[in-house]
Amino acid sequence: MSTQVIMPQLGESVVEGTVSKWLKAEGQPISEFEPLLEINTDKVDTEIPAPASGILLRVFIAEGQTVQAGTILGVIGEAGEPVPEAPPASTAAHPTSPRPAVAEMPSPAPEPVREPAPAAASARPDLGFISPVVAKIAAEHRIDLSLVKGSGAGGRITKKDVLAYVGSIPAAVPAWEQPASGELFRPSEEVFGGPPKAGPAPGDVIPHNAVRRQIAEHMIRSRRTSPHVTTVMEADLSRVVAHRQAHKEIFARDGVDLTYSAYFVIASVAALKAVPWVNASWTDEGVVLHRQVHVGMAVSLGDEGLIVPVIKNADQLSLLAVAAAIKDLANRARSRKLKPDDVQGGTFTITNHGVSGSLFATPIINQPQAAILGVGKMQKRVVVIESPGDDAFAIRPMAYLTLTFDHRMLDGAVADRFLSVVVERLETWS
Amino acid sequence: MAEITLIEGLRQAMDEELARDDRVFIVGEDVGPRGGVFRATQGLFEKYGSGRIIDSPLAELSIIGVGIGAALYGLRPICEIQFADFIHPAFNQIVNEAAKMCYRSNGEWTVPMVIRAPYGGGIGGGLYHSQSLEAFFAHVPGLKVVVPSTPREAKGLLKAAVRDPNPVLVFEPKKGYRLIKGEVPEGEEILEPLGVARVSRVGTDLTAIAYGMMHHYTLQAADALAQEGISVEVIDLRTLLPLDKATVLGSVGKTGKALIIYEDNLTGGYGGEIAAILADEAFTDLDAPVRRLGGPDVPAMPYSHPLQDWFLPNPVKIAGAMRELAAF
């Protein structure tokens, strides 16, 4: 069993030192705590005692060299024990370097000198210790960690290192154009076979289905018809989350999934009642203020597009009834069992694009309505809770809400008033 | 706004709650005419009389027993334990009676009682006037355990504790009683929510989690490290039970590194629970081992000043631990 002699940190701000003198030569016996070498830092010499008894098997750092704290200086062990000829890799490569940069710090020496390393999440032996978060980031971004320079203790790759590497990958050069030795990505020719062809190959044509044609037609018409303007606010959903948590089981007993969408419908209804100009349609004769509140909910059909079934008379429904209606309409939308009436007559539309991870978006108005509410992904964010003289940070479930509105009939102030009511209703939910 | 001491914040809290609610009364050793050994109840005897500011015998078991009985009877006792070190005779009453009452009566009976106990070292108090006992009580569901670190929190958390329907232990960092000063608005109701931690300094490189006096030392260490380009986020837990996990996990999720500082003996100390939660729920966010800096595992706080300094974490020791973690 051998023991590494490690460069100690000799003071709180002293991160390096110079080996001024080895008091034992290679092959000489030494007892634990006996002076082994002298280190000079800031003109002060300090004797370093031997960390174990045995034979000084190897000296890696010669006298006169300056190294960082944590560097392996030598090895003590028993006579005849196998010892690596070379000091840890990078030091060997630059034996004359007086001050190895942190990034060139030696990785742990090979067995048998090495102590059992902490279990690395996805480490290859030459990368050193890979922390859980570094492994996670590397997996998420498909990073080959052997390309990342480590700046941590002993050359370890830190979270900052891997994040800096992720940030440094130029966006214009997709990762798959950088052949690398990592297991995580291979050259495309290996994946698809054959040399890449020059120029883009003609792609396959997927014929439009009826839904896709209608979406395309409607989107272009809406964009041409309404001058779209989007306003953004954010809402603290703490109370909604708490309310849902407290009630979802009760609703489940009635066979109803209490989704967040139901809360947004109710909040929108409150705002449509408070600001009726948003529950309206443009005609050449004048703006039609609708007497009824029919709220459409965009439902994704996956690759086949999306559809907007309508909750009729949403203003007369309880949270339970809204949740039940959403479940029914969404189920029938996905099983293609909606009736034509289910998708007509909407006076306002909500799109919950947050379910697919979007923070905020600028959706296109569902004609002939006046506006569409976009609901972003709920995310825990640090927010400032204002209180005179003692503002505080808090972690709150926040979501961006956008209102994209038709500037022909609505102005920013009215739209903001509407959105404020939605936010207020959500934040004061009880 | 007036700058007041931590102990004045406590005194104001009790004064205001006594004035607000006739059911509130104080019981403890020397809390009456003498105003408490630390003067936390100074002036209250003169203002509210011997019926509401009650000097007890030198018997902690009975102080807490009286408190529990009065609370069940509908009153709102504030029990002062002169030093947390003396709370042990009342352990059975607190753990077996106060903490379990609501549960075992299926919510029919609650014990709306506050126990105030000065804790912690650094005042040359030696064995019996320096102990940190939060870990014993933070282990007991049914109790709330609060540690204020600033005058504002001392006032706001104690007032909230008085209004809480269940037993709340307030461990007060006695070294900070007169050392820690801060602005507290006058003529305004100060209430701080129980169970909510506070990010007292925003940083990016590592999260330092502390409470009580250690929170101040941690802030000082973080200031020192800022000079070296190391950015430390500091969390003041404020309530140990229930713990505000979201704030802790949110911060460590951001920084990837955590140091927990407490002055209790390291082994079995409250910081071990935080470390366990981080290992369990933040594992894939971690970029370094979760580290604890606590007192050594010796039977008591030494009386000798140099040894007391050796025992307690201080800004220099905390800065050293932070530096080491930042460099990992």
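For this tour, two residues are in contact if their C-beta atoms, placed from the backbone, lie within 7 Å. Keep in mind that you are looking at a predicted model.

**Stop 1: helix H3 of chain A**

Select residues 159-168 of chain A, which make up helix H3. Which residues of H3(A) are buried? They are Lys159(A), Asp161(A) and Val162(A). Now turn the view until you look down the axis of H3(A): the buried residues fall within an arc of 165°, so they line one face of the helix. On the face turned away from that buried side, pick out Gly167(A) and Ser168(A), which are exposed.

**Stop 2: where the chains touch**

Leave H2(A) highlighted and bring chain B into view. Here 18 residues of chain A are in contact with 20 residues of chain B. Which elements of chain A give two or more residues to this side? They are H2 along with two strands, E18 (379-385) and E19 (392-406). H2(A) supplies the largest share, with 4 residues. Color the chain A side by residue type and you get 9 nonpolar, 4 polar and 5 charged residues.

**Stop 3: the cores**

Move over to Val170(B). Leaving out residues up to four places away in sequence, Val170(B) touches Val114(B), Ile115(B), Arg116(B), Val146(B), Leu157(B), Leu158(B) and Ala161(B). Val170(B) is also one of the residues with the most contacts inside the largest nonpolar core, which has 115 residues. To see others in that group, select Ile115(B), Ala161(B), Leu169(B), Ala208(B), Leu259(B) and Met322(B). Apart from this core lies another, of 53 residues; for a look at it, select Tyr263(A), Ile266(A), Val269(A) and Phe405(A), which are among its members. As background, nonpolar side chains tend to be buried together in soluble globular proteins.

**Stop 4: zoom out**

Finish with each chain on its own.

- Show chain A as a cartoon: there are 9 helices and 19 strands to find. Of its 430 residues, 33% count as buried. Among contacts in chain A with a separation of 6 or more, 60% link residues 24 or more positions apart.
- Switch to chain B, where you will find 13 helices and 14 strands. Chain B has 328 residues, and 56% of them count as buried. For contacts in chain B with a separation of 6 or more, residues 24 or more positions apart account for 80%.

Conventions:
Residues are numbered from 1 along each chain as its sequence is written. Chains are lettered from A and ligands numbered from 1 in the order in which they are written. This is a predicted model: local features need pLDDT of at least 70, side-chain atom pairs count only at pLDDT 80 or more; totals for chains, interfaces and linings use all residues. A residue is buried if 20 or more other C-beta atoms lie within 10 Å of its own, exposed if 12 or fewer, and partly exposed in between; C-beta atoms are placed from the backbone. The arc is that of the directions from the helix axis to the C-beta atoms. Ala, Val, Leu, Ile, Met, Phe, Trp, Tyr, Cys and Pro count as nonpolar, Asp, Glu, Lys and Arg as charged, and the others, Gly among them, as polar. A nonpolar core is a set of buried Ala, Val, Leu, Ile, Met, Phe, Trp, Tyr and Cys residues joined through C-beta atoms within 7 Å.
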